[in-house]
Amino acid sequence: MSAGSVRDPATPAAGTPSPAGTGAAGTSPASSTSGLRTPSLPPWGVPAVVAGIAVLTGLLVLATPLGGRTATVVVFALLLVVVQTALSLAVEGRRRATDRLVTTSVVLAFLLALLPLFSVLEYTATRGIHRFDVDFFYRSQRSIGARDPGGGAYHALLGTVEQVGIATLIAVPFGLLVAVYVVEYGRGRLAATIRFFVDVMTGIPSIVAGLFVLSFWILGLRMGFSGFAAALALTVLMLPIIVRSAEEMLRLVPSSLREASLALGVPRWKTILRIVLPTALPGIVTGVMLAVSRVMGETAPVLLTAFGAASIVRDPFRGGPQSSLPLFIYQQAGDAQQTAVDRAWTAALTLILLVMLLNLLARLVTRRSTIGR
Amino acid sequence: MSLGALPPVPTDPADVRPGSGDGGPRPASLPLRTSGSGTAEPRGDRVFRGLSVSAGVALLLLIVAIALFLVVRAVPALRADTAGFLSSTGWDPNALPPRFGIVALAFGTVLSSLLALAMALPVALGVALFISHYAPRRIAGPLGYVVDLLAAVPSVVFGLWGISYLNVPLAGVSRFLAEHLGWFPLFARAADDVYTRSLFLASVVLAIMILPIIASLSREVFLQVPATNQEAALALGATRWEMVRTAVLPFARPGVIGATMLGLGRALGETIAVAIVLSPAFVVSLSVLQPNSGNTIAANIALAFAEASATGRGALIASGLVLFVITLLVNVVARAVVSRRREFTGGAL
Amino acid sequence: MTFSRNARISGLVLCGALALSACGTDEQKPFNASPAGDSGIACAKGSITAAGSSAQKNAMDEWVRAYQDACPGATVNYQPVGSGAGVQQFTAGSVAFAGSDSALKPEETAGADARCATGKAIDLPMVTGPVAIAYNLQGVDGLVLDAATIAKVFSGKVKTWDDPAITALNPGAKLPSAAIQAFHRSDESGTTDNVQKYLAAAAPSAWTYGAGKKFAAPGGQSAAKSDGVTSAVKSTPNAITYVEQSFAENASLGVVKIATGASAPVELTTDSAATAVQSAQVVGTGSDLSLKLDYATKNEGAYPLVLVTYEIVCAKGTPADALPLVKSFLTYTASEDGQKVLEDAGYAPLPSSIRKKVAAAVETLA
């Protein structure tokens with residue numbers, strides 16, 4: 001959304017030519033004679049500081065028994081923050097120094113968040129590549145003995161797609177309607193109660209959701225294990241995430257938009273469907289994708305409700321026990337045989353790629369249907 | 001200060017409106033309610049409202065059903081318990097007679113989740129701000145996508161990665177902390193100098209898992225802040241951080257708290273990853289750097305469920321009920337915080 | 001405006017899903033030609049689901065493969081969900097039979113019997129698996145321990161590898177003075193139960209923590225599941241754990257020889273495990289064949305740490321649509337051929353006297 005992409009013109013990013021052209025003199029307080037301009041670090045200031053700190057860190061690592069990649073990075077980051085802030089404080093004053101401190105911290109936070117991501121992805125990819133072959137996506141585990149190589153995860157992939165697909169088809173309309181009620185219609189006790197309990201619902205451990213469906217649907221109504229039962233359990237897990245995120249996003253849609261639409265005589269339901277929901281769509285899709293990502297990786301509830309199978313089961317309703325990718329990972333990773341462990345990592349890689357693909361598709365759809373473009 | 005670099009006024013629906021920089025997320029139903037002064041509601045409206053009301057009621061019923069289910073299953077086991085459920089720390093529900101208490105589990109659950117939140121929240125907000133307000137506009141979208149990927153990693157994989165990749169390096173960090181900051185209760189030194197498989201490791205894994213939840217939703221909230229508010233701040237000469245602090249953060253606070261609650265809920269309820277990385281023990285201990293320093297409710301359910309007797313299952317479900325109550329309490333506190341802020345800032349939130 | 005494009009994307013996704021659902025196969029490449037054809041299996045058709053002990057998962061995998069290869073119209077689905085959960089599923093009637101690490105307990109029998117409409121639930125011993133005491137100690141092969149020392153190691157009373165208790169049993173071995181890293185299971189398991197029962201029976205003065213599926217002694221570290229303790233020991237120098245033999249073997253960990261009081265310490269082999277089961281006594285009544293092992297055995301060449309797992313079935317009252325397949329499948333597993341398959345999978349076959357009784361009991365299922 002363009003609404004948030006306003007750039008602060010007051011603090012040009014490193015490398016942007018400074019209109020003042022103070023150049024090297026910028027570092028000396030003497031240059032702040034104009035009275036209108038606050039003194040600022042020269043454009044090459046930030047890169048210079050970064051380079052200086054890098055050299056300093058290198059010297060420190062060489063000269064002292066610091067050692068270790070982690071320690072080096074930590075020292076570098078700390079030095080950078082301290083030195084740059086101090087310099088800026090001396091030259092530019094408190095406000096600019098704070099601004100630079102925050103900018104550096106924000107960038108560092110982002111880099112820090114990338115570390116585990118790349119580590120996990122690399123770890124999964126290097127282990128998952130061994131069995132990333134045609135057989136893996138074409139065959140099932142039927143009649144694969146404990147020590148056999150080969151086999152595949154087709155049955156599990158199909159199971160995951162069906163279970164998560166059904167769960168999404170139930171949870172998204174349901175969750176959106178609840179969010180619409182809470183934000184657009186809700187008043188008084190009922191809406192407050194719903195909001196409150198949706199929050200509580202986020203903390204339900206996934207295994208409890210599985211147990212709930214197991215005792216109501218499978219044991220209570222005697223429906224038997226099935227992919228659909230798993231979809232029900234996953235729905236319970238998806239709902240609070242969808243409702244909560246959609247609620248936050250709907251709440252952010254300016255009321256002036258609604259008023260304008262209503263003032264033009266558009267009925268309320270159409271206002272909600274055509275104006276409010278599309279405006280909040282990117283955020284809603286993010287929430288839905290978070291929910292889908294979350295339940296795609298769930299093992300315990302699927303184990304209790306779809307139960308698992310080694311053969312291909314196409315019918316999620318009456319086909320009986322069905323497998324799923326996380327279940328497949330869990331069971332194969334716990335095996336003694338390396339061939340099974342390889343299958344588990346390939347399945348993990350597949351699962352991540354699948355969610356990536358869905359995320360990408362969702363982005364495409366969102367971008368195209370956002371109104372105003 | 002030159003304002004020449006201001007981008008053109010966005011043609012976004014959020015800005016196509018008369019008047020100036022209003023647009024705080026005030027309760028949307030307020031103006032709507034007054035506008036519906038006509039006598040008869042159109043049929044489409046009645047149908048749609050009916051649908052959404054019944055969805056809300058259905059969800060409420062679902063939650064009540066789950067709570068009831070937990071209670072019904074838990075009560076027989078609680079009756080059979082010969083130790084105080086709310087006062088003892090041990091967990092032996094399969095023994096005859098059954099003895100189990102929730103104290104150690106509840107403590108470990110809350111402690112690990114709070115640690116995870118303390119680690120994840122600042123980073124997540126930094127990530128969200130970076131993508132919404134600091135990164136070059138062209139790459140911000142893809143970067144957001146990259147962070148969302150972290151949410152795509154299944155918890156089994158986080159668990160396996162945590163134990164086989166993160167365990168040993170983090171033990172080094174733990175030893176460093178214990179040797180230099182051992183006076184701090186959380187960093188107490190381990191008795192036999194072993195720092196692997198600790199509650200700290202579990203917290204770090206949890207932090208990584210909840211990071212994308214908080215970051216993605218906060219990012220969306222930050223992106224929804226009306227441009228006019230931000231432009232006004234900048235026009236008054238604010239630096240970027242001052243603009244964020246005065247225009248973005250106050251507007252986004254309820255949304256960020258909502259995102260945090262979702263993340264905390266995930267941390268409280270996370271099962272398999274914690275079960276894989278933790279060497280659990282039923283103790284109440286603050287020294288989180290060593291193994292056998294705690295256990296969590298959800299992980300214990302995963303570890304004990306497969307071999308539990310009927311009473312054991314009931315006991316595990318009772319622990320699930322406690323988790324339900326913990327989440328409830330956490331949310332009560334969070335709501336109290338939000339509403340107090342709202343009063344304090346005079347409804348500008 | 002953009003609706004049609006969205007429709008196109010959704011259509012694409014839908015088509016992809018449809019294509020996906022059409023193109024997989026249950027067929028496997030013939031990598032190791034199994035002796036199909038004259039398998040001597042009396043086939044039944046249909047599909048059954050069973051669940052329970054993960055200790056017998058590998059055995060079931062081998063059996064299911066052989067059975068399905070011989071009987072193309074049959075599907076047997078065994079899910080290793082754990083003994084307790086397996087018994088629960090059996091009692092609830094959602095599986096045809098359950099695999100369990102222990103015979104039905106008194107408090108479980110009523111529920112299990114009620115599930116069998118017209119009969120009782122019975123325990124049939126089917127798979128016996130030795131449990132290894134596995135270690136990771138550089139330069140030490142064929143470590144010898146006795147029950148009392150094992151008990152002290154796992155309860156943290158013996159803390160270093162060069163403790164007199166260990167050196168006395170291993171004269172000549174170069175034992176380091178490093179601390180022992182003892183790992184146990186953090187989840188509840190039949191293996192833990194079995195090891196604790198063994199220690200309580202064979203070293204009652206050193207192991208005072210009783211038995212049970214939860215590890216009861218203080219000290220040590222823990223990891224989840226067999227693969228968890230195995231990889232923990234594999235990646236931790238000077239570590240030791242207890243785990244099913246197939247895991248220790250696959251991770252190439254050292255396996256302790258147990259000094260039982262026989263003339264020489266007993267190495268873990270298929271034979272030594274089978275020898276121990278030989279002396280087991282049937283304590284079940286009627287067609288129930290639950291066994292009692294003598295953990296304190298001093299018989300020559302008998303490896304005492306053996307896990308016997310059962311199939312729990314209805315003697316009478318299995319639903320009619322599942323009965324032929326249950327009977328046919330269990331007849332195969334209790335046959336000589338069926339038991340022979342196990343030797344390659346890290347298990348020991350049932351002694352023939354017990355195997356015959358099991359086969360006879362399967363014969364009477366109705």
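Student: How many residues does the contact take from chain A and from chain B?
Tutor: The model is predicted. Residues count as in contact if their C-beta atoms, placed from the backbone, lie within 7 Å. On that basis the two sides contribute 107 residues from chain A and 108 residues from chain B.

Student: Which element gives the largest share of the side of chain A that touches chain B?
Tutor: The share in question is 19 residues. By class, that side of chain A has 62 nonpolar, 28 polar and 17 charged residues. The element that supplies the largest share is helix 3 (residues 94-128) of chain A.

Student: What is the pattern of chain B along the sequence?
Tutor: Chain B has eleven helices and two strands. Read in sequence order, the pattern is α-α-β-β-α-α-α-α-α-α-α-α-α.

Student: What percentage of the contacts in chain B with a separation of 6 or more is between residues 24 or more positions apart?
Tutor: Chain B has 349 residues, and 56% of them are buried. Of its contacts with a separation of 6 or more, the part from residues 24 or more positions apart is 74%.

Student: Where does the kink in helix 8 of chain B lie?
Tutor: Helix 8 (residues 240-269) of chain B would span 44 Å if straight, but its end C-alpha atoms are only 37 Å apart. The helix has a kink of about 55°, shortly before the proline P254(B). The kink lies at R253(B).

Student: Why is helix 8 of chain B described as largely enclosed by the rest of the structure?
Tutor: A residue is buried if 20 or more other C-beta atoms lie within 10 Å of its own. Helix 8 of chain B is largely enclosed because the buried residues among its 30 number 22.

Terms used
Residues are numbered from 1 along each chain as its sequence is written. Chains are lettered from A and ligands numbered from 1 in the order in which they are written. This is a predicted model: local features need pLDDT of at least 70, side-chain atom pairs count only at pLDDT 80 or more; totals for chains, interfaces and linings use all residues. Helices (H or I, at least four residues) and strands (E, at least two) are DSSP runs, numbered from the N terminus. The expected span of a helix is 1.5 Å times one less than its number of residues. The bend at a residue is the angle between axes fitted to the seven residues ending there and the seven starting there. A residue is buried if 20 or more other C-beta atoms lie within 10 Å of its own, exposed if 12 or fewer, and partly exposed in between; C-beta atoms are placed from the backbone. Ala, Val, Leu, Ile, Met, Phe, Trp, Tyr, Cys and Pro count as nonpolar, Asp, Glu, Lys and Arg as charged, and the others, Gly among them, as polar.
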